[in-house]
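Here are a few exercises to work through with the model open beside you. Try each one yourself before reading on to the solution.

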Amino acid sequence: MKSIVKKLLVISVFSLFSVLNSILFSQNTGGAIKLEYNYPADKEVILINNTKVKQTMDIMGQSMEVYVNSALGSTIRSAGKVDGNLKLEVRIDTIGQYVDSPQGGAGGAVKDVKGKTFNMIITPQGKEIDASEAEKIVYYIEGSGETNAYQSFIDFFPDLPVNEIKPGDTWNSTDSVSVATPAMSTKMVVSYENKFEGIEVFNGVECALISSTLSGKRSMATQSQGMDIFTSGPFTGTSTLLFGLREGYFLKHTVITKMTGNIDISGPENMTFPLIMDMTNVNEVKK
């Protein structure tokens, strides 16, 4: 049973999902604006991504809580344009993860990926067009197994509206993510209800503030000791985006979700455990 429980910890690691601090309202509500990514070529933008997950599982009548803290530091700069899209150079500065469970703590920094770089292409609205180079950066996370940088960056940039927006505008959008690594595969489909709240000043920078409510379904599959482990369930949540108007990139993106689902294990014995997963993901530019 301990080996099964240990393997179940990986379901938190690859889900790529804090409340905004010190935001001052600006009187400049302005008219309609067009938001587009435009990372500078002569400036490096340093981003710190922190993910905190709390898993609550009911295993044979016993409640168990597992906490996972993950961190990703990266540096991004423009590498030109390709067919009207943005080519970005991404350098990985740090990757780390720590798992705290009833079996004890495990994890730490992954040292052998520090300084590795790759190129990726996104649209002006933030859709990831090509992140295949990230698949070549392979590393091992204690307690989770082998993975690569692709799973961290395939849904890294928050999407922007295609059309011009003005304060008070609302619109719907959808997104889907499918990632397979040597350790596991995951799929996610999300629907968003978005609203342009207006212009806010964050850390001295005028930003477009977009709030969203979201809902969707997440599924993850892995194997351990001849057993297939499948986790799935619906989730709901909120998202807050601060996008620099003159800078051309986001300064802070916060996503908070809650999933209520099940863990299904098939093998010599078939078992089903209920699962609640609370996740907070904050991606922020380092000042």
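Before starting, one definition: a residue is buried when its relative accessible area is under 20%, exposed when it is over 50%, and partly exposed in between, using a 1.4 Å probe and protein chains only. This is a predicted model, where local features need pLDDT of at least 70 and side-chain atom pairs count only at pLDDT 80 or more, while totals for chains, interfaces and linings use all residues. Residues are numbered from 1 along each chain as its sequence is written, and side-chain values use heavy atoms, with hydrogens and water left out.

**Exercise 1. Work out how strand 4 is connected to strands 3, 5 and 6.**

Step 1: Helices (H or I, at least four residues) and strands (E, at least two) are DSSP runs numbered from the N terminus, and two strands pair if DSSP finds at least two bridges between them.

Step 2: take strand 3. Residues 62-82 form strand 3 and residues 85-101 form strand 4; the two run antiparallel, with 14 bridges between them. For a landmark, look at Ala71, which stands opposite Gly96. The hairpin here has two residues between the strands, and Asp83 takes a positive phi near 55°.

Step 3: move on to strand 5, residues 104-109. Strand 4 pairs with strand 5 antiparallel over six bridges, and a hairpin of two residues connects them. Pick out Gln97, whose bridge partner in strand 5 is Gly108.

Step 4: finish with strand 6. Strand 4 pairs with strand 6 in the antiparallel sense too, over six bridges, and Glu89 stands opposite Asn119 there.

**Exercise 2. Describe the aromatic pair of Phe118 and Phe153, then the pair of Phe156 and Phe157.**

Step 1: Rings of Phe, Tyr and Trp (its six-membered ring) pair if their centres lie within 6.5 Å; planes under 30 degrees apart count as stacked, over 60 as edge-to-face and the rest as tilted. The structure holds eight such pairs.

Step 2: go to Phe118 and Phe153. Their centres are 5.2 Å apart with 70° between the planes, an edge-to-face pair. The pair links distant parts of the chain, 35 residues apart: Phe118 sits in strand 6 and Phe153 in helix 3 (residues 150-153).

Step 3: check burial. Phe118 counts as buried because its relative accessibility is 2%, and Phe153 because its value is 0%.

Step 4: now the second pair. Phe156 and Phe157 are also edge-to-face, at 5.1 Å centre to centre and 75° between the planes. Phe156 is buried, with a relative accessible area of 6%, and Phe157 is buried at 1%.

Step 5: zoom out. These four rings belong to one aromatic cluster, together with Tyr37, Tyr39, Phe243 and Tyr249.

**Exercise 3. Is Gln125 buried or exposed, and which residues does Gln125 touch?**

Step 1: find it. Gln125 lies in the loop between strand 6 (117-122) and strand 7 (128-130).

Step 2: classify it. Gln125 counts as buried because its relative accessibility is 16%.

Step 3: list contacts, meaning heavy atoms within 4.5 Å. Leaving out residues up to four places away in sequence, Gln125 touches Lys34, Leu35, Glu36, Tyr37, Pro158, Asp159, Leu160, Pro161 and Val162.

**Exercise 4. Which residues does Asn283 touch?**

Step 1: Asn283 lies in strand 15 (residues 271-285) and is buried, with a relative accessible area of 3%.

Step 2: residues up to four places away in sequence aside, the contacts of Asn283 include Leu47, Ile48, Asn49 and Phe156.
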